[in-house]
Amino acid sequence: METLLKSTSLAQRAYWLIRLRWVAIAALGCATFGASEFMGVSLPSGVLYGVSAVLLVYNLALRQVLVSWTRAGPQPCEARIGGVLTFQISADLFILTTILHFSGGVENPFFLFFAFHMIIASILRSRRQSYLQATLAVALFGGLVVLEAAGYVAHHSLEGFAGHGLYRDWTF
């Protein structure tokens, strides 16, 4: 695994995250449409489509930055591309938290996507960066769960999918 990572430049890894995000954008749009139109799940669809649009613009901007850095001459320094990787993973965690908040919070089984982000961070970044990203993920998801359960932040239930009030059940 180590030789694979050494042969892959940081810029290639950053582009890989951008390609993964295209899949996430399409999946968010399709899941929102499918859940609200075919499964009868009550969702704030407009907000989720808005988040999808923000993701689209964010991904286009990141791609443009990387293209300008990698095609304009010599390979950019590792610290600069590493910073973009760290930014991408962190921003993705904030966006994932927003998506989960508007689509059921802890009642939504897609909270497991936090684990995927940690796996990606551990592959692409240093051990220290991986731990920092894991800490951020726990803080964001834990904060969301506690704030919704305590009633400080409005909970958006998955009407038609999950049981009512599970988010307030501290055991759950």
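Student: What share of the contacts in the protein chain with a separation of 6 or more comes from residues 24 or more positions apart?

Tutor: A contact means heavy atoms within 4.5 Å. In the protein chain, residues 24 or more positions apart account for 72% of the contacts with a separation of 6 or more. Before going on, note that this is a predicted model, where local features need pLDDT of at least 70, side-chain atom pairs count only at pLDDT 80 or more, and totals for chains, interfaces and linings use all residues. Residues are numbered from 1 along each chain as its sequence is written, and side-chain values use heavy atoms, with hydrogens and water left out.

Student: How many helices and strands are there?

Tutor: Helices (H or I, at least four residues) and strands (E, at least two) are DSSP runs, numbered from the N terminus. The protein chain has six helices and zero strands, so the order of its elements reads α-α-α-α-α-α.

Student: How much of the chain is buried?

Tutor: Buried means under 20% relative accessible area, exposed means over 50%, and partly exposed is in between (1.4 Å probe, protein chains only). Of the 172 residues in the protein chain, 42% are buried.

Student: Which residues have the most contacts inside the largest nonpolar core?

Tutor: In soluble globular proteins, nonpolar side chains tend to be buried together. A nonpolar core is a set of buried Ala, Val, Leu, Ile, Met, Phe, Trp, Tyr and Cys residues joined through side-chain atoms within 4.5 Å. The largest one here has 28 residues, and Leu55, Leu66 and Ile99 have the most contacts inside it. At least two residues of this core come from each of helix 2, helix 3, helix 4 (78–102) and helix 5 (113–124). Helix 2 gives the most, with eight residues. Leaving aside neighbours within four places in sequence, leucine 66 is in contact with Ala14, Tyr15, Ile18, Ile81, Val84 and Gln88. Another core, of ten residues, lies apart from the largest one; Leu93, Leu96, Phe114 and Ala137 are among them.

Student: Against which helices do the buried residues of helix 6 pack?

Tutor: An α-helix has 3.6 residues a turn, so residues three or four places apart point the same way. The buried residues of helix 6 include Gln133, Ala137, Leu140, Phe141 and Leu144, and the buried residues of this helix pack against helix 4 and helix 5. Helix 6 (residues 127–150) has 24 residues and reaches 34 Å from its first C-alpha to its last, close to the 34 Å expected at 1.5 Å a residue; the expected span is 1.5 Å times one less than the number of residues. After helix 6 comes glycine 151, with a positive phi near 85°.

Student: Is histidine 101 buried or exposed?

Tutor: Histidine 101, in helix 4, is buried because its relative accessible area is 12%. Not counting residues up to four places away in sequence, histidine 101 touches Leu144, Glu148, Val153, Ala154 and His156.

Student: Where does serine 42 lie?

Tutor: Serine 42 is in the loop between helix 2 (10–37) and helix 3. Its relative accessibility is 42%, so serine 42 counts as partly exposed. The C-alpha atoms of serine 42 and leucine 158 are separated by 5.9 Å, although these residues are 116 residues apart along the chain.
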